[in-house]
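Q: I would like to learn how to read the local features of a model such as this one. Please take me through them one at a time.

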Amino acid sequence: PHFLAAVGDGYWSQGRRQDIVSIIRPRLAPDIQFAPAWEMVGRALLVEAQTILQTQRILPWQMPAHLRQMIQDAESALSETITIIGHTEGDSGLAGVYVNRACSRTLQGRLADAEDDIDRALSLKQTLDEANHAKAMLLIDRKEYRSALEYLHRINSTDMTMEMRGAVGFA
């Protein structure tokens, strides 16, 4: 298990996300020692799908079946991570996993489930910029601008991306 995590880290640093999936994923087991590898596989699948969606300018409702499956697989791997580590409830290290799973659920159009994950992430780590950003974007989508601003103002201004700055201006 520790070797898989080291190999995965090496592949990640080289941008070899497909290798993470093809080499590490078949070797995973539902065991606490494999939790970091499960998370890495889920993250690799999600980032790969997002990259394809962005570079090929594919809108969510135009998503081909193989991308939809990739996102579902990402959600499954991230859910497995959460299940495995579930007995350590309150672990702030899981906050990022919840945000990533929320992202996969958002791409699948499952906004209520995504919001539940974001709320869980914020309950674990209220200062997590990605969770505050994700919550704000969901609120903006619902036209709840005042509430969205509250979440956007929680983000450290030096850590704000262009999208976050645009959301502040929009909200």
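A: The classes are buried for under 20% relative accessible area, exposed for over 50%, and partly exposed in between, computed with a 1.4 Å probe on protein chains only. This is a predicted model, in which local features need pLDDT of at least 70 and side-chain atom pairs count only at pLDDT 80 or more, while totals for chains, interfaces and linings use all residues. Residues are numbered from 1 along each chain as its sequence is written, and side-chain values use heavy atoms, with hydrogens and water left out.

Q: With which residue does glutamate 144 form a salt bridge?

A: A salt bridge is a side-chain nitrogen of Lys or Arg within 4 Å of a carboxyl oxygen of Asp or Glu. Glutamate 144 pairs in this way with arginine 142, and their closest N and O atoms are 3.0 Å apart. Arginine 142 is partly exposed too, at 39% relative accessibility.

Q: How many salt bridges does the structure hold?

A: There are 13 salt bridges in the structure. One of them joins the side chains of aspartate 19 and arginine 16, at 2.6 Å from N to O. Aspartate 19 is partly exposed, with a relative accessible area of 23%, and arginine 16 is partly exposed at 34%.

Q: Are arginine 101 and aspartate 117 buried or exposed?

A: Both arginine 101 and aspartate 117 are buried. They form a salt bridge whose closest N and O atoms are 2.8 Å apart. Helices here are DSSP runs of H or I with at least four residues, numbered from the N terminus. Arginine 101 and aspartate 117 also belong to a network of salt bridges that links Glu75, Arg101, Arg105, Arg110, Asp113 and Asp117.

Q: Which residues does serine 104 touch?

A: Contact means heavy atoms within 4.5 Å. Leaving aside residues up to four places away in sequence, serine 104 touches Leu46, Ile71 and Glu75. Serine 104 lies in helix H5 (residues 95-107) and is buried, with a relative accessible area of 0%.

Q: Which residues of helix H8 are buried?

A: In H8 (residues 145-153) the buried residues are Ala148, Tyr151 and Leu152. They are on the same side of H8 because they cover an arc of only 100° around the axis. That arc is taken from the directions from the helix axis to the C-beta atoms. The exposed residues Arg146 and His153 are on the face of H8 turned away from the buried side.

Q: What should I look for in the backbone angle phi?

A: Most residues other than glycine have a negative phi. Arginine 57, which is not a glycine, has a positive phi near 50°. Arginine 57 is in the loop between H3 and helix H4 (65-84) and is exposed, with a relative accessible area of 73%.

Q: Where is lysine 143 found?

A: Lysine 143 is in the loop between helix H7 (129-141) and H8. Its phi is positive, about 65°, although lysine 143 is not a glycine. At 60% relative accessibility, lysine 143 is exposed.

How values were computed
Helices (H or I, at least four residues) and strands (E, at least two) are DSSP runs, numbered from the N terminus.
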